[in-house]
Structure formats: C-alpha cells, structure tokens
Amino acid sequence: MSASGGKFARFPHHIVIFLAPATIIYTLFMIYPLLDSIRLSLYTTDGVGAYHFNGIANYITLISDPEWSGAFWNALMNNFKFFMVHMFVQNPIGIMLAALLSLPKLTGRTTYRTLIFMPTMLSVVIIGFIWQLILSPLWGVSESLLEIVGLVDWFQPWLGQETTALVTLSLISVWQFVGIPMMLIYAAMLNIPHDLVEGAIIDGATHWEIFWHIKLPLILPTIAMVSILTFVANFNAFDLIYSVKGALAGPNFSTDIMGTLFYRTFFGFQLQLGNPTMGATVATMMFFVILLGVLFYLFVLQRKLRRYAL
Amino acid sequence: MSKARNAVNTAGIHAILGTYTLIALWPIFLTIINSFKSRKAIFRDPMGLPGVDSFSLKGFTKVLVRSDFEIYFMNSITVTVVTLALVLVLGAMAAWALSEYKFKGNKWLGLYLAIGIMIPIRLGSVSLLQLIVDMNLANTLTALVLVYVAQSLPLAIFILSEFMQQIPTDLKEAARCDGVSEYTIFFRIILPLTRPAIATVGVFTLVPVWNDLWFPLILAPSEKTQTITLGVQQFIGQYVTDWNAVLASLTLAIVPILIIYILLSRHLIRGITAGAVK
C-alpha cells in the first residue's frame with residue numbers, strides 16, 4: 001500500500017534504508033576527514049599535545065617561513081613540472097595511438113589496445129621498481145639497448161642525478177598511464193559521425209587532413225577531461241616517488257612533490273618529528289590546488305569547448 | 001599505385017603500433033624472464049630467455065622463506081573482495097534510490113555523493129588516521145575496507161545510476177501492481193538486472209584498491225596486516241641488493257593482476273569507453 005514512493009507527506013522509510021549505509025560510510029570516512037583536516041590546519045599543538053586555534057598562521061608559515069617555504073615551493077614547482085611532462089608527452093602519444101587505432105579496416109586493433117593498456121593495471125610501486133632496475137647502471141640493460149641503436153654515449157644514471165631524476169620519474173609515469181588517454185580518446189573518435197569523415201574523403205582529403213581538421217577539434221572536450229583527470233592524479237601522486245626515491249625524494253629533494261612533502265610533514269623524517277597540524281595544512285593546500293583545477297575545468301574549459309566543439 | 005601506397009601506409013601503422021606495444025610490454029617481460037634465472041645469468045645476459053643452465057627458482061624460494069608472502073596475498077584478496085561486495089550492494093542500493101524515487105533533496109544528495117569522484121580521499125588522511133585510531137581499528141583490515149568502500153562508492157553510484165535509468169519501467173510497475181514491497185523489487189528484480197554493470201564497477205574498484213600503497217602504509221603497516229603492494233615495497237626495501245629475490249617478488253606481484261586483466265580486459269575496455277561517451 002505504501003509502495004509508490006514520494007507522494008506521501010511522511011518520508012518513506014525504504015528510501016532512507018536504501019540510502020543510509022552508503023551515505024553514512026561515505027560521510028564518516030571521506031567527507032568528515034576532509035573537513036576535519038581543513039579544520040586542523042587552523043590549529044597548532046603545544047608541548048603536551050593540546051590543540052590551540054591558530055588562524056591562518058600555519059599557511060603563512062608554510063609559504064613564507066624560511067624553514068618551511070623552501071620545501072613547499074620546491075614541491076609545488078616540481079609537481080607542476082611533473083604535470084607538464086604528462087601534458088606534453090602523455091597527451092600527444094595518447095592522441096597518436098588513438099588516432100591510429102581508430103583508422104578504418106585496421107586488423108589486430110583489440111590486441112594492440114589490450115596490450116598497450118596493460119602497464120596501467122599494475123601497481124605504481126611495481127612499475128617504479130621495474131624501471132629502477134632497468135635504468136640501474138649496475139644491471140646495464142639500458143646501456144646495452146642504447147648500444148644497439150648506437151647511442152651508448154648517451155647513457156647516464158638518469159634516476160640518480162638531480163637534473164634528470166624528476167623528468168625521468170615523470171616519463172615512467174607517462175609510460176604507465178598513457179593507456180588512459182589512448183582509450184578515452186579512442187572512444188571519442190569512434191563516436192565521430194561517419195558522414196563527416198566520408199564526406200571529407202570524397203572531397204579528396206588525406207587521413208592527415210581529416211585528423212587535423214575534423215577529428216582533433218571534435219575530441220578537444222575529451223582531451224580536456226583527460227587533462228583534468230591527470231591533473232588530479234598528479235597533484236595527489238605519492239607512490240611512485242616513495243617507492244623509487246623514498247620519503248626524502250632525493251637526490252637533494254629534486255623529486256619532492258606535494259604527496260611526499262605531505263607524508264614527511266605528517267609522519268616526520270630523520271630528526272624532524274611528525275606534525276599533524278602542519279600535515280593537515282599541506283593536505284589542505286593540495287586540496288585547494290586540486291579544487292582550482294577542477295573548477296577551472298568545470299567552469300572554463302568545459303563551457304568553452306561545449307560552445308565550439310559541437 | 002594507390003593500392004601500393006595503401007599497403008605502405010598500413011605497414012607503417014602496424015610498425016608504429018607494434019613498436020609502442022613492445023615499449024609497453026618489454027619492461028614487464030624482462031622482469032618476468034629474469035626472475036627465473038640464476039644471478040649470474042641475470043647479469044651476463046639480461047635479455048636472454050631462461051635456458052637449461054640459467055634456469056633457477058632461487059629467487060622465489062628466498063621470497064617465500066624470508067617474507068610472509070602468503071599472508072600479504074590473503075590480506076589483499078580479503079580486503080579487495082570484501083570491499084568489492086560492499087561497494088556493489090551498498091552502491092546499487094543508493095543508486096537505485098537516487099534514480100528511482102523522487103524525493104526532496106534527491107539532486108543535492110546525488111551531487112554530494114559525486115564530490116568523491118574528483119576529490120581524493122587521501123587529502124583527509126590526518127583526520128582519517130585519528131578517526132581509525134579512536135575507533136580502535138588501527139592495523140586492522142577492517143580499517144582498510146571501510147576507507148576503500150568510502151573511496152569507491154562515488155564512482156560506483158554514478159555508474160550504477162546511469163545503468164539503472166535504462167531498466168524498463170514496465171518491470172517495476174508490474175511488480176508494484178502485485179503489491180510486492182519495494183525491498184523485494186530491489187533485491188529480487190533490480191539487483192540481478194545490474195549484473196552487466198558489475199564488471200565495470202568491479203574493475204574500477206578492484207584495481208585501485210589492490211594497487212594502493214598509501215592507506216596500507218599509514219593505517220595498517222603491521223606485519224600481519226600488510227597487503228601485497230606494501231609487502232613487496234617493504235621486502236624490496238630490505239633486500240635491494242638481492243636481485244633474484246627482488247625480481248621474483250615483482251613477478252609474484254605482477255602475475256595475478258595480469259591474469260585477472262586478461263580475463264576481464266573486454267569488460268574493462270567496454271566500461272572505460274562507455275563511460276567516455278557520456
């Protein structure tokens with residue numbers, strides 16, 4: 001009798017029962033910790049561990065105190081470099097692979113797709129260790145490979161040098177995750193109406209012209225979506241740096257990003273003790289950076305692209 | 001003329017895709033073949049396949065003797081399976097309520113639950129650790145399951161709601177005319193119908209949970225509760241110089257995921273591409 005929901009003044013109990021478990025777990029273990037972390041970033045602890053309200057003093061310390069600001073700006077800049085390498089290497093490779101895979105009458109399409117996507121499934125930790133072994137001068141695999149192509153003089157311990165370590169790690173991450181842009185852009189390309197492409201072929205356009213003038217503009221919204229996904233993942237990254245370079249993100253903090261800085265601040269390292277309130281401050285900074293990125297995507301990129309790309 | 005040019009083009013396309021496939025697979029392949037070789041062979045001929053005189057299982061025996069690999073493995077399986085089951089049932093219940101019933105605040109609740117798709121749960125770690133400690137759940141698998149369920153629900157609810165909107169209304173209305181309760185409708189009719197979406201939700205939940213390092217590291221780092229990802233990370237940290245053991249532990253961590261991937265790749269790829277269409 002009380003079957004059809006919604007029309008009754010009293011809130012139907014089955015709706016509550018369906019929604020409650022998911023909402024409670026999500027609120028308790030996701031939303032509450034996020035909000036409470038933001039609250040904690042406004043506090044400080046004293047010698048006996050009591051919390052005192054501190055306003056935005058932690059943020060001022062983080063961005064301007066000589067003891068903290070160096071590490072913070074270093075991690076933030078490194079994180080931007082990490083993201084930029086993804087943008088300018090991962091996206092072009094992903095677009096190229098997707099464009100090739102979506103060409104008509106290609107045999108072995110599914111096999112290529114499945115195999116190229118494989119590294120994405122593996123743990124970042126495992127991938128980090130594998131590349132550490134491969135790039136290790138001890139093993140010499142990369143050296144002998146470079147010898148085959150005649151570039152052996154090129155070889156350097158890329159992961160060990162301050163100038164190259166961060167870019168090398170970014171490229172390892174690109175190698176692992178290029179399957180995601182490839183797959184999403186490939187799906188977008190399959191959705192392009194056939195008439196458009198066929199019309200262009202009849203007009204005598206080459207594959208290259210079709211790609212450049214028809215397909216690329218139509219997949220711009222997908223590229224924007226891939227970019228924001230990459231942005232969020234990059235500014236939240238930790239596992240790769242931690243497993244290859246440890247919490248100290250060496251050499252000399254040259255691979256330190258926000259995730260590793262957060263870990264060290266929160267748990268401490270070497271002689272410095274862990275600091276939960278400063279940890280919460282670093283995490284909240286990461287939250288703001290990610291939020292800015294997401295809002296930029298939702299309110300600028302998505303709107304603009306929707307207007308032009310349809 | 002044009003036919004010959006087409007053949008050249010096709011060969012070129014296969015050359016590029018083939019080369020990239022090699023780049024994607026070679027590091028994984030190299031790790032696996034070398035884990036079956038003796039230490040000498042690993043260094044003398046890294047690219048060679050294990051042969052009669054270079055074959056060795058020394059690395060694997062070392063890993064199994066020196067670490068609790070079986071425990072890590074069981075921990076990972078327990079956490080992943082329990083998380084997956086909870087996410088599917090609780091996620092389907094919420095998705096059903098949001099897509100089926102019209103009530104005040106429906107849209108807002110949907111938006112609220114969607115925040116977690118974009119904002120990573122890791123950013124709340126400071127308070128989350130405090131909460132877990134206060135609940136006496138530190139160093140338990142329960143802590144990991146609760147956090148992973150919270151982390152996976154937003155995307156699961158999103159995918160399942162899209163799916164549930166496609167269930168024909170006749171089915172539900174017919175049941176309602178027979179006076180069947182809303183619970184029976186959901187558990188007997190709707191839940192079985194969501195089976196096709198389960199594979200998609202499954203892979204999106206399973207992979208990040210299985211591969212995660214952060215939460216095992218901060219919430220459950222004890223020897224008895226380590227997951228495979230954390231276990232391998234700690235093991236390698238300890239035995240960096242023992243190449244046999246390192247390669248073997250990497251292989252042990254890779255192979256199960258590769259098997260699952262090969263079995264599920266079709267669903268996974270369909271899931272990703274279907275999601276992108278929207």
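1. Chain A is assigned two domains: domain 1 (16-53) and domain 2 (66-309). These bounds come from an automatic or database domain assignment. Taken over C-alpha atoms, the centres of domain 1 and domain 2 of chain A are 31 Å apart. Seven residues from domain 1 of chain A and six residues from domain 2 of chain A make the contact. Two residues are in contact if their C-beta atoms, placed from the backbone, lie within 7 Å.

2. Take the side of domain 1 of chain A that touches domain 2 of chain A. The elements giving two or more residues to this side are α1 (13-40) and β1 (43-45) of chain A. Helices (H or I, at least four residues) and strands (E, at least two) are DSSP runs, numbered from the N terminus. By class, this side has three nonpolar, four polar and no charged residues. Ala, Val, Leu, Ile, Met, Phe, Trp, Tyr, Cys and Pro count as nonpolar, Asp, Glu, Lys and Arg as charged, and the others, Gly among them, as polar.

3. This is a predicted model; local features need pLDDT of at least 70, and side-chain atom pairs count only at pLDDT 80 or more, while totals for chains, interfaces and linings use all residues. Residues are numbered from 1 along each chain as its sequence is written, with chains lettered from A and ligands numbered from 1 in the order in which they are written.

4. The model's scores are ipTM 0.90 and pTM 0.90. Chain B has a mean pLDDT of 89 (the predictor's confidence in each residue, from 0 to 100), with 96% of its residues at 70 or more.

5. Chain B is also split by the assignment, into domain 1 (2-56) and domain 2 (61-277). The C-alpha centres of these chain B domains lie 33 Å apart. Their contact takes seven residues from domain 1 of chain B and seven residues from domain 2 of chain B. On the domain 1 side, α1 (2-35) and α2 (39-44) of chain B each supply at least two residues. α1(B) gives the most, with five residues. That side has three nonpolar, three polar and one charged residues.

6. Between the chains, 65 residues of chain B are in contact with 64 residues of chain A. The side of chain B that touches chain A has 48 nonpolar, 13 polar and four charged residues.
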